[in-house]
Amino acid sequence: MIEGDDQQKPDIAKQLADRMVERDDVDVVTGIIWSNLALALMPSLERAEVFFLSPNAGPSQLAGKQCNPFFFGVAYQNDGQHEAMGQHMQSQGIKRAYLMAPNYPAGKDALTGVKRFFKGEVAGEVYTAVGQLDYAAELAQLRAAAPDGVYIFYPGGMGINFVKQFEQAGLKGKVPLFGPGFSFSEDSLPAIGDAALGVMNTAQWSGDIDNPQNRKFVQGFEAAYDRLPSVYAAQAYDTALLLDSAVRKTGGKLEDKDALRAALKAAEFKSIRGDFKFNANHFPIQDYYLREVVKDDKGRLTNVIRGTVFEDHADPYAAECRM
Amino acid sequence: MNTLLLVEQGLNGLQLGVMLFLMAAGLTLVFGIMDMINLAHGSFYMIGAYLTATFAPLLDSFVLGVLVALPLAALVGMAVEMVALRTLYRREHLDQVLATFGLILFFNELVRIVWGPQAIFLSPPAWLGGTVEIIPGVPYPAFRLAIIGVGLAVACFLYLLITRTRTGMLIRAGASNREMLGALGVDVKRLYTLVFGLGAALAALAGAMAGPILAVQVGMGESVLILTFVVIVIGGLGSVRGALVGALLVGMVDTMARALLPTLLRAVMPPSQADGMGASLASMTIYILMAAVLAWKPRGLFPAHA
């Protein structure tokens, strides 16, 4: 196993991939979080006929027109969680929704995903600067607009800041807050604090999914790291299980690219998220759950499942994929 | 856009302004007196937030946590001055930029080693957790009001310190002619160290106050540092009064642009386009403001060595 730190920079990710392919002669690359990085290193990997198993990034380009025989998106197509929440907000009978995201491609994609299933009135579609820290101005506008619900797509620190300030502005409990699961994952919940309690979010995995492999994963993770696993950890674990299944199936002969691809596509492993199989574009067909942020018996913030929004959901780009 | 909303946005602008002032005051003091560009100023902001997030739960009080964190951050600042920066005063600005950029990387890694990569939680004190209805119909977060109060109090304190005390006199003298000050028998080295400690403590105070609103995480100082530089360039390098005016101006313009531009653009173009474009324009406004101010007054509004 050869590791490298991409530093969230596309050029560094590409250099690392080139080095792993040319000097280290690797068979499989995995581990990128960001979509722009995944897009940057695919040309090198395809040229070298090396597989990329994405444990998070699932950009629409790679799901549709630019789908790639050497790419497997193990987590989700990026729109999935947003689509699921759009569907939930629609089924909740929300009439006027307020949508917020950072002003960059993934932000626009996220809100497009919500609107694909939410058919009510959009009371406001607000784009903020990427990396913005303070949302006071936007929260004042939000209060004045008085919507029935607000959907936020704010990854990382932006989400932590927004949810804390949302509570401090006295909006919590007045306007229901919805978001994608990764904004309320167990790695950021401790930093958000009780402001996150009761927020509804959608994800393809949750710590309380009841199957033996998931129980084993959650217990093992907690024992090893003394904290609760997040969706990112779960996705990475599934990626490892997938790779394990493919290596076993090919009997370790990874030089035969077609056999390895067939083995990966078969995805004969017990996913900790329950139902999972690959679509023709190498993206998952899977369930999406509605989760609520609660406190567990040790007082830690975590998510529990409150329902299933989509069963066997496939992404909308698969039809454009020719492979 | 009604009046109440405008009042609320005005408060938001004021609050952002005083936060930026806490950062800019220290940075501009250090520049004005030592002629030193210190990119690592944001690291003291981060250290202030982390120390507060560590001590506030231990002492079971946010205020006590801040009171412990500030002197510690000042000590860190003074240590950095003595160990690393002292050798850089006579070097060119480019050398200082490179060295202090190295310090940013050093402090980010240090924080990652000590506190871990995950963001940590810091809550406002319970009595400032809710909202206050300043005028009927405008509930405003109590903690943000407290930030405005603390920021204005610090501005008064700095004004008195610089204009009315012997230390302030030395600081002003050091800014205009350090050779002469040394010749008069003042320990300039010690003065620099003290001023640097004061600057670090101000940045740490900004970080401590930001902690309960924002995420306490590695690298949190960098994004605020860029805004801080905009503030001191607008206000005039080396001037505390300029830092105050610049900070309030930037805070107000940034907040108002984010609140008003999308609404204004909606009047002339379809909503979805207006929202995206409004956001892009809003994030540019402070740089446009900076360009306008510099075109009018190339050395900022209140340059120290005019």
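Predicted model: local features only at pLDDT ≥ 70, side-chain atom pairs only at ≥ 80, totals over all residues.
The interface between the two chains was examined first. In total, 32 residues of chain A are in contact with 35 residues of chain B. The size of an interface is often given as the accessible area lost when the parts come together. For chain A and chain B, that buried area is about 2600 Å². Carbon and sulfur atoms account for 50% of it. Three salt bridges are found across the interface of chain A and chain B. A salt bridge also pairs Glu138(A) with Arg258(B). The closest N and O atoms of Glu138(A) and Arg258(B) are 2.8 Å apart.

Cysteines were considered next. A disulfide is a covalent bond between the sulfur atoms of two cysteines. Over all chains, the structure holds one disulfide. The bond joins Cys67(A) to Cys321(A), with an S to S distance of 2.1 Å. The torsion about the S-S bond of Cys67(A) and Cys321(A) is about 85°, so the disulfide is right-handed. The pair links distant parts of the chain, with Cys67(A) and Cys321(A) 254 residues apart. Cys67(A) lies in the loop between helix H3 (60–63) and strand S3 (71–73) of chain A. Cys321(A) belongs to the segment after strand S11 (301–313) of chain A. Both Cys67(A) and Cys321(A) are buried. In chain B, Cys156(B) has a relative accessible area of 48%. Cys156(B) is therefore partly exposed, as the value falls between 20% and 50%.

Aromatic contacts occur in both chains. A pair of aromatic rings is described by the distance of the centres and the angle of the planes. The count comes to 25 aromatic pairs over all chains. One of them is formed by Phe44(B) and Phe196(B). Phe44(B) and Phe196(B) link distant parts of the chain, being 152 residues apart. Phe44(B) sits in helix H2 (residues 41–59) of chain B. Phe196(B) sits in helix H8 (residues 188–210) of chain B. Phe44(B) has a relative accessible area of 2% and is buried. Phe196(B) also counts as buried, at 2% relative accessibility.

Chain A carries a cluster of rings. Phe51(A), Phe70(A), Phe72(A), Phe269(A), Phe276(A) and Phe278(A) are linked into this cluster by ring pairs. Phe70(A) has a charged neighbour as well: the charged end of Arg261(A) sits over its ring, 4.8 Å from the centre. Elsewhere in the list of charge-over-ring contacts is Lys108(A), which lies over the face of Tyr127(A). Its distance from the ring centre of Tyr127(A) is 4.5 Å.

Positive phi values were noted at two aspartates. Phi of Asp25(A) is near 55°, a positive value in a residue other than glycine. Asp25(A) lies in the loop between helix H1 (10–22) and strand S1 (28–30) of chain A. Its relative accessibility is 60%, so Asp25(A) counts as exposed under the 50% cut-off. For Asp60(B), phi is near 60°, again positive in a residue other than glycine. Asp60(B) is found in the loop between H2 and helix H3 (62–85) of chain B. Asp60(B) is exposed, with a relative accessible area of 70%.

Notes:
Residues numbered from 1 in each chain as written. Chains lettered and ligands numbered in written order. Heavy atoms only, no water. Phe/Tyr/Trp six-rings, centres within 6.5 Å; stacked < 30°, edge-to-face > 60°. Helix = DSSP H or I, 4+ residues; strand = E, 2+ residues; numbered from the N terminus. Buried < 20%, exposed > 50% of the residue type's maximum accessible area, 1.4 Å probe, protein only. Lys NZ or Arg CZ within 6 Å of the ring centre and 35° of its normal. Disulfide = S-S within 2.5 Å. Contact = heavy atoms within 4.5 Å. Buried area = accessible area lost by both parts, 1.4 Å probe. Salt bridge = Lys/Arg side-chain N within 4 Å of Asp/Glu carboxyl O.
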